[in-house]
Amino acid sequence: MTDLPRRHQRARGPAGVRHGRLPRRRGGVAALKLLAVVVVVAFVSVGSVAAYAVWDVARSIKTGVHLQALPGHTAIPQDIPNVAAIPGGVNLLLAGTDSRSDLGGIYNSADEQDASSGAGNNDVTMLLHIAQDHKSMMVVSFPRDLVVPIPDCPDPNGKGTIDGTSYAQFNTALSRGGLNCVVATVSKMTGLDIPFAAVINFNGVSAMSNAVGGVTVCLASPVKDDYTNPPLDLPAGENTIVGDTALSFLRSRHGVGDGSDLGRISNQQVFLSALARKVVSGGVLSNPVQLYALAKAAVNNITPSDTLTNPTTLVQIALALKDTGLQNMVFVQYPAVGDPDNPNRVVPQKSAANALNQALVADQPVKLTGSTGRAAEDPTATSSPAPDAGGEPSPTTPATPGTPDAGTTPAPTGTAGGPVELPSTITGQTAAQQTCTKGND
């Protein structure tokens, strides 16, 4: 997406939220943190070390947010039982805020506070879906610039209801009505009940990458981005990124793919799949100090729903993935095409979105048939599927408006008990795929 003109960037949003210069935006990349914890903690052994880790992490968790749209789900008692996988399936939403409020350090500067303060926007939003049988997992990334209906939401300050709208940018849901509003919007889009959720800030990404000793990512071409802090200047080939460099890599937009937010999503999927592979085979599993240090770094920077205030619940959710297998962990982008009414926004590609939603609601494992996205390539692929039609423009090349309601994509199909094939317009990858990031040359 091209950035809005400067004169539109300092307007106050809902609830007094201020948003400044978009190129400096780091918002939302910390949504990756809790997802990383889910992947990492999935392999913690059940024993005294795990019990200590749960107790230690518990001291850092903030007061939970009650999901008013889901009154049937209540906080789990604060005890520390023997840790085992959570029974049944899981839907967990991660809303990454771009707010700099209360982060301290470099974020106390006037420029940083002017960029975003208050509740902030949910600039990275991911839905983690674990199947009932724990044999498959899907992580759906929602583009920040997606234009969708936002339903009526309970006021986070307890003052009644905030009216919904039929046309709004997806990443304003958090600033409009808090975590409940993001959950309600995604639930309306997908048809899923979402009992677990958290708002995550981006302070601490560096500490988490340090906790696992860095993540090695493949770059198909150099990645340079002067808009990140610190600036990125990574050579082609394998790079082990850690600390602030990892943070810059995850939030980079101008330096990857076509410079769009959709490119940034596929770049983040390159990182997440590399992280998952390291957790499984890189020694993290045998180092309990790394495991609970990573969990603690995450909970220091989240505001959970009250269903997640017991750290045992997070461990139980993670343990549901213990035997899933990398090839069954699928990362996808919610399908989108260019908004016919605004070249700087995208809208859902309805037929493909319907196919994805059907698979989620039916709890079906999926098989990808499309490309790995705008900023990722699979060096082992024999051919490249056709790119998605329309979609988000690059900073210099306008997008051709897509077909939001093509109506030609069939429902997902597959053999009984096997994975269903998603439409080729849905991009993404599995954790088993060793993809490489393409720089924005």
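How many of the 18 residues of helix α4 are buried? The structure examined here is a predicted model, in which local features need pLDDT of at least 70 and side-chain atom pairs count only at pLDDT 80 or more, whereas totals for chains, interfaces and linings use all residues. Residues are numbered from 1 along each chain as its sequence is written, and side-chain values use heavy atoms, with hydrogens and water left out.

In α4, 15 of the 18 residues are buried, so the helix is largely enclosed by the rest of the structure. Buried here means under 20% relative accessible area, exposed over 50%, and partly exposed in between (1.4 Å probe, protein chains only). Helices (H or I, at least four residues) and strands (E, at least two) are DSSP runs, numbered from the N terminus. Helix α4 covers residues 173-190, yet its end C-alpha atoms are only 16 Å apart, short of the 26 Å that a straight helix would reach at 1.5 Å a residue. The expected span is 1.5 Å times one less than the number of residues. A bend of about 100 degrees occurs in α4 at L179, the bend being the angle between axes fitted to the seven residues ending at a residue and the seven starting there. Just after α4, G191 takes a positive phi of about 85 degrees.

Helix α10 (residues 350-361) has 12 residues that should span 16 Å at 1.5 Å a residue, and its end C-alpha atoms are 16 Å apart, which agrees. Among the buried residues of α10 are S351, L356 and N357. Their cover includes β4 (122-130), β5 (137-142), α4 and β16 (329-333), where contact means heavy atoms within 4.5 Å. After α10 comes D363, whose phi is positive, near 60 degrees.

Two strands pair if DSSP finds at least two bridges between them. Strands β4 and β5 run antiparallel and are joined by six bridges, and M126 stands opposite S141 in β5.

In soluble globular proteins, nonpolar side chains tend to be buried together. A nonpolar core is a set of buried Ala, Val, Leu, Ile, Met, Phe, Trp, Tyr and Cys residues joined through side-chain atoms within 4.5 Å. The largest such core has 40 residues, of which L93, V140, V332 and L356 touch the most other members. Helix α4 gives the most to this core, with eight residues. Beyond residues up to four places away in sequence, V332 touches residues including M138, V140, Q269 and L356. Another core, of 26 residues, lies apart from the largest one and includes V90, V139, L272 and A431.

Two further buried residues were examined. F249 lies in helix α6 (residues 243-251) and is buried, with a relative accessible area of 0%. With residues up to four places away in sequence not counted, F249 touches V217, L219, L232, L234, I241, N267, F271 and T437. T324 lies in the loop between α9 (311-319) and β16 and is likewise buried, with a relative accessible area of 3%.
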